[in-house]
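Here is a briefing on selected local features and contacts. Keep the sequence and the model open while you read.

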Amino acid sequence: MENRVPAVSMRGITKTFGPVVANHDVSIDIQRGEILSLLGENGSGKTTLMNMLSGIYFPDSGQILVDGKEVSIRSPKDALDLGIGMIHQHFKLVDVMTATENIVLGLKEDKYDLKAASRRVREICDRYGFDLKPEQKIYDMTVSQKQTVEIVKVLYRNADILILDEPTAVLTPQETEKLFDVLRNMRKDNKAVVIITHKLNEVLEISDRVDILRAGEFIGSLKTSETGVQEMTDMMVGHAVELNIDRPEPKNVEPRLEISGLTVRSEEGILKLDNVSFTANSGEILGIAGISNSGQKELLEAIAGLQPVESGDIYYLPHGGQKTSLIGKDPLDIQRLGVSLSFVPEDRLGMGLVGNMDLTDNMMLRSFRKGRGLFVDRGTPKGVATDVVDKLEVVTPNLATPVRRLSGGNVQKVLVGREIASAPSVLLTAYAVRGLDINSSYAIYDLMNQQKEKGVAVIYVGEDLDVLLELADRILILCGGKVSGIVDGRKTDKYEVGLMMTSLGGGEAK
Amino acid sequence: MFDIVSFIPRAVAQATPLLLGSTGETLTEKSGNLNLGIPGIMYVGAISGVIGAFFYEQSVGSYENANAFLAIGIPLVCCLLGSALMGLLYCFLTVTLRANQNVTGLAMTTFGVGFGNFFGGSLIKLTGSDVPSIALSITHKFYAAKLPFAKSAGVFGKLVLNYGFLVYVAIVIALAASWFLNRTRQGLQLRAVGENPATADAAGINVGRYKYWATIIGSMIAGLGGLYYVMDYASGVWSNDAFGDRGWLAIALVIFTIWRPNVSILASLLFGGLYILYLYIPTGTNMAIKEIYKMAPFVVTIIVLIIISMRKKRENQPPAHLGLPYFREER
């Protein structure tokens, strides 16, 4: 390789949060005209490392060199002055402002002229192929449009070192393609691009080089053209992992949940589910695919009794028991029947777990009504918590740690683990592996499969199509609240499902 | 017959402290600080002005010896200083030490009222007067000075020109605040701080500095409301607890105007009018009904809140991060 001065060199970076070491002696180089992937499991310190480059955190020790000169980045402003811009996983946008207002935020140009700024935004969009209306308010935008605003914001500041934190986590396959095209245009423009990711196929598709972190330490740097999925995974996880997701044949299949003509409206009167009908079988994983906000959440909540239903029926058919309607039933009664919901929202703590409570107390949220007498039973939940921590390898100092302090992946394991521990007969999960690394994701897939073999009807709402295609026996695709189709997970492919996600029945877009 | 020519000036006199208070609070809230200390700050602004005016009057003795510049300037500076210190204290507690904003604000109000009454009581002792009040008639003359031709300019003169200078200052400040919030870069950045400080921080805006400045300047503006009340409206007479619930009304006005200082110019007039409406109920009516009239501004605020929450327009919502502390490294 030719001897260039790297755009950015990080040398011997260490950062600790209390007793937790997020990064230890990490050194990486970022080159211009190159797309670098930063690969690592959850909690491996990828985002922390990049946050130090973008001025959110300050390293405890180590140096950062930009174009060969040592710099001190004490704030996001310092970073931008050096041409470093980061697009965070959670967008940093002000909802009530327009795209342009968000883009000029924090700038110190000579004159405050929003019209001129809008013109420049349009220029940037034309150059790289973005699709964006400068006057649109952020709250009116789709996730992909918001991401575009973030990227344009960084480019508007003449940044030539771009860091993207898991940019594809929220995009459909088609949107991801578009984003990658834009990134390739930037590489042509001699910008340095870093993407933080844990999706190996993306690493291979887009990047020139990949740097791998594990447990806060730098493991190695590979040329993407000379490596493969297996090698990267081994480096990332530290030991060889079986990469195939098991999909045992369904056994003892019988209808467990029958849904017909389900229609749900949101409080604002917007149609969220429109005439949805399907059957979920025991001993089977039913995958649900769809662009975010296509009605997945409403569907699960309607089944769990949390969402008022406008019309339609939901029947629960227990093994050898009476067919009962779940409509109008109390969520608590539905739960007692054995229908269990674990929903992992974007912020991970929003539903189901209380951030300030410790592990045991969070387990107790499911069981505190049980038992008689004045006092609650803390013994059993403590046992459940110990079990979940052991089985799912939750990294926590002890059971008395508030859940809020755990890393995102570990929070999720606690949530999913608790739902499974209640031995449900219908298990509803949404985004169970959202943001999880490969190792923990596989632990969760295994749990799903175990449940399936026990004869549980598993409904799995997922974001990663590759996983849905390997895990689910059948896949139901939602598109704008309607059932776009139900396909056999063994016979379909990503392209077909992707098309059905964006247009009803997979036909041409309307 | 309802006498509009006498009603409007009285409504304006009621409206001015509310307008200043609400403009100051709007500016503060736009930075994400819910400063419930405003009633206390207006109180402190008033008593600080009174202290300044008291010692100036003691030193000059009579109206003839007084210098207009000093008679207006000394209470003004004292008032701004006192309320700025209150704002600074509030910011130090909530921004730097990240104390709970509601608790801090309420404590500041309690403190401000106590502070005012303590020094008010002390000054009353110093004068040795029989009535529990201090009359600052010299300062009042300067603060309430009107254009000489206003009285002779007919109805227009009586309704528009016939006020002390602080009334016009209040309107100019409200217009300037609106212009600042919507038309300047600093205004945009201030709004961003109140909506989403993490975003503002990532954009390189110094969140703490904006919160401090917005709150301190907001407090100074609100403090002027207290000063106007004593020096102009109350004819320079300070008596403990006379300021009443005007501070809370100013906070209600912020919500009523959905965080728009320019709207507040008319809205404060409406509130001021509603506030004194009870004086215009026909004689002979049961006086207990008066209290119902006094409720009017608050009832109107509740109705507006209901309407706004029903319309659910995003621009009409309070700043999204209002009342919450910001700490960069918190997840």
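A:Asn158 sits in the loop between helix H5 (143–156) and S7 of chain A. Helices (H or I, at least four residues) and strands (E, at least two) are DSSP runs, numbered from the N terminus. This is a predicted model: local features need pLDDT of at least 70, side-chain atom pairs count only at pLDDT 80 or more, and totals for chains, interfaces and linings use all residues. Residues are numbered from 1 along each chain as its sequence is written, while chains are lettered from A and ligands numbered from 1 in the order in which they are written.

**Positive phi in loops**
- Most residues other than glycine have a negative phi.
- A:Asn158 has a positive phi, near 60 degrees.
- A:Asn158 counts as exposed because it has 9 C-beta neighbours inside 10 Å. The cut-offs, with C-beta atoms placed from the backbone, are 20 or more other C-beta atoms within 10 Å for buried, 12 or fewer for exposed, and in between for partly exposed.
- B:Arg98 also has a positive phi, about 55 degrees. B:Arg98 lies in the loop between helix H3 (68–96) and helix H4 (101–127) of chain B.
- B:Arg98 has 13 C-beta neighbours inside 10 Å, so it counts as partly exposed.

**Strands of chain A**
- Strand S6 (residues 84–87) and strand S7 (residues 161–165) of chain A pair in the parallel sense over four bridges. Pairing requires at least two DSSP bridges between the strands.
- A:Ile87 has A:Leu164 in S7(A) as its bridge partner.
- A:Ile84 and A:Met86 point one way from S6(A), A:Gly85 and A:Ile87 the other way, and all are buried.

**A buried lysine**
- A:Lys272 is in strand S12 (residues 271–281) of chain A.
- A:Lys272 counts as buried because it has 24 C-beta neighbours inside 10 Å.
- A:Gly481 is 209 residues away along the chain, yet its C-alpha atom is 5.2 Å from that of A:Lys272.
- Leaving out residues up to four places away in sequence, A:Lys272 touches A:Val264, A:Arg265, A:Ser266, A:Gly295, A:Glu298 and A:Gly481. Contact means C-beta atoms, placed from the backbone, within 7 Å.

**Between the chains**
- In chain B, 19 residues are in contact with 15 residues of chain A.
- Helix H8 (185–195) and helix H9 (197–202) of chain B each supply at least two residues of the side that touches chain A.
- That side of chain B has eight nonpolar, five polar and six charged residues. Ala, Val, Leu, Ile, Met, Phe, Trp, Tyr, Cys and Pro count as nonpolar, Asp, Glu, Lys and Arg as charged, and the others, Gly among them, as polar.

Definitions and conventions: Two residues are in contact if their C-beta atoms, placed from the backbone, lie within 7 Å.
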